[in-house]
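Dear colleague,

My notes on the contents follow directly after them.

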Amino acid sequence: MAINKKQLVDLISSKQDQLSHKDIELSVKTMFNSMSDALKNGDRIEIRGFGSFGLRFRKSRTGRNPKSGETVNIQNRYVPHFKPGKEFRESVKDAGTKTSQ
């Protein structure tokens, strides 16, 4: 199951009553926008215990359009990359076995 931004706001809102739903929604939106801006500026984001976000450079290459089979040139680009922290990795390492039962 995937969780979207609205579901995340609803989940946080259901677990606390100090802030209004609107305040939580604004906080989540501001956090995601700030993270996007930081990556756009070439900065690295590190959240201790969770992980780090950065950009990886991808060289140009030749690819194929899966529908038509036509060759396409793919330009150089930067793509976002997430590296989970040790604590986060440890906390979710057995998650796949719980959902398959």
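Lys6 and Asp10 are joined by a salt bridge, with 3.0 Å between the closest N and O atoms; the term denotes a side-chain nitrogen of Lys or Arg within 4 Å of a carboxyl oxygen of Asp or Glu. The model is a predicted one, in which local features need pLDDT of at least 70 and side-chain atom pairs count only at pLDDT 80 or more, while totals for chains, interfaces and linings use all residues. Residues are numbered from 1 along each chain as its sequence is written, and side-chain values use heavy atoms, with hydrogens and water left out.

Lys6 and Asp10 lie four residues apart in helix 1, so about one helical turn separates them. Helices (H or I, at least four residues) and strands (E, at least two) are DSSP runs, numbered from the N terminus. Lys6 is exposed, at 59% relative accessible area, whereas Asp10 is partly exposed, at 29%. Here buried means under 20% relative accessible area, exposed over 50%, and partly exposed in between (1.4 Å probe, protein chains only).

The salt-bridge count comes to four. One of them pairs Arg44 with Glu46, at 2.9 Å from N to O; Arg44 is exposed at 54% relative accessibility, and Glu46 is partly exposed at 40%. Arg44, Glu46 and Arg48 are linked in a network of salt bridges. Glu90 and Lys93 also meet through their side chains in a salt bridge, at 3.3 Å from N to O. Of this pair, Glu90 is partly exposed at 43% relative accessibility and Lys93 is exposed at 56%.

I turn now to the helix packing. Two packed helices are described by the angle between their axes and the distance between the axes. Helix 1 (residues 5–15) packs with helix 2 (residues 21–40) at an angle of about 130 degrees, and their axes are 9 Å apart. Axes are lines fitted to C-alpha atoms, for helices over the stretch in contact, and angles run from 0 to 180 degrees between N-to-C directions. The two helices are therefore oblique to each other: angles under 35 degrees count as roughly parallel, over 145 as roughly antiparallel, 65 to 115 as roughly perpendicular and the rest as oblique.

On the helix 1 side, Lys5, Leu8, Val9, Asp10, Ile12 and Ser13 meet His21, Ile24, Glu25, Val28, Lys29 and Phe32 of helix 2, where contact means heavy atoms within 4.5 Å.

Finally, Val79 is found in strand 5 (residues 77–84) and is buried, with a relative accessible area of 17%. Val79 touches Gly54, Leu55, Arg56 and Arg58, residues up to four places away in sequence not being counted. Between Val79 and Gly54 there are 25 residues in sequence and 8.4 Å in space, C-alpha to C-alpha.

Yours sincerely
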